[in-house]
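Hello,

Here is the structure for you to take over. Please have a look, then read the notes below.

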Amino acid sequence: PGGLFKKHPELKDALINDRGTVAVVLARLKKGTNNVEFARRVYVKGVDLIKQLEPQKYHPQMKAKVSGAYRSFKEYDQALADVRAASIASLLMVFGLLVVFFRRVRAVLVVMVPLLTGIAWAAGFAALAFGKMNIITSFIVAILIGLGIDFAVHLLSRFNELRARGEQVEQATRSAIMGAGPGILTGALTTAGAFVALAVNDFLAFSQLGVITGVGLVFVLATT
């Protein structure tokens with residue numbers, strides 16, 4: 001043991017094993033691994049550099065790879081993919097429940113279009129206010145689907161009930177808004193206020209999540 005370092009004492013502080021078969025080159029970069037796009041570029045450049053150098057030219061069994069914390073973007077990408085899958089699943093489940101409950105495509109569209117419009121507005125607000133969304137704030141789609149769907153469902157249910165009693169469309173619409181509207185407005189604003197209160201949180205991701213969700217609920221309410 002230690003034969004390599006006896007022959008080459010200059011390597012005593014190097015990150016290399018005793019047999020000389022494994023070596024590590026450390027690269028200290030200016031930005032941290034929490035910058036996902038920077039980490040992605042670093043990893044890609046490292047892989048490209050290894051391909052250009054062709055390690056097998058120096059020895060048939062020589063292998064080189066990029067390792068370390070700068071591969072963290074892969075976990076980030078996987079988490080985002082999971083968030084997208086959860087959002088799509090929640091949308092499909094809500095759509096299915098609406099079809100079962102209302103049993104009319106037109107009714108489902110009346111409920112879904114305002115919801116999706118409000119979510120689109122919320123995403124636009126997030127882009128303008130905070131730039132790119134992080135893993136936590138990406139959950140706003142699923143959150144807004146779950147919370148925002150109630151507004152249109154309550155209104156439409158009240159409208160259908162009044163129509164079944166024989167009221168005309170215009171009168172039923174007015175009565176549904178006057179009857180269910182105050183409760184929906186109060187519930188939406190109190191829920192939005194609770195989320196906006198997270199803005200004082202020291203954890204930036206939670207703070208942004210609260211603001212985006214609160215504003216998003218107001219958008220969904222407005223479009224409804």
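**Pockets and a surface patch**

In this predicted model, the second largest pocket is lined by 18 residues, of which Tyr76, Leu80, Met133, Asn134 and Ser138 lie nearest its centre. Helix H2 (36-53) and helix H3 (72-102) are the elements that give two or more residues to this lining. H3 gives the most, with five residues. (Helices are DSSP runs of H or I, at least four residues, numbered from the N terminus.)

A pocket is an open set of points on a 1 Å grid over the protein atoms alone, where a 1.4 Å probe fits, with protein on both sides within 12 Å along at least five of seven lines; lining residues have an atom within 4 Å of a point.

The largest pocket is lined by 28 residues. Ala23, Val24, Val25, Lys65 and Val66 lie nearest its centre.

Val24 also belongs to a nonpolar surface patch, made with Leu15, Val22 and Leu26. Such a patch joins nonpolar side chains (Val, Leu, Ile, Met, Phe, Trp, Tyr) within 5 Å, from residues with over 30% relative accessible area and no salt bridge (a Lys or Arg side-chain nitrogen within 4 Å of an Asp or Glu carboxyl oxygen). Leu26 sits in the loop between helix H1 (3-7) and H2. Is Leu26 buried or exposed? Leu26 is exposed, with a relative accessible area of 59% (exposed is over 50%, with a 1.4 Å probe and protein chains only).

Residues are numbered from 1 along each chain as its sequence is written. Local features need pLDDT of at least 70, side-chain atom pairs count only at pLDDT 80 or more, totals for chains, interfaces and linings use all residues, and side-chain values use heavy atoms, without hydrogens and water.

Best wishes

Key: Patches are made of residues with over 30% relative accessible area and no salt bridge: like charges are joined within 9 Å, nonpolar side chains (Val, Leu, Ile, Met, Phe, Trp, Tyr) within 5 Å. Accessible areas come from the Shrake-Rupley method with a 1.4 Å probe; for residues, only the protein chains shown count as cover. Buried means under 20% relative accessible area, exposed over 50%, partly exposed in between (1.4 Å probe, protein chains only).
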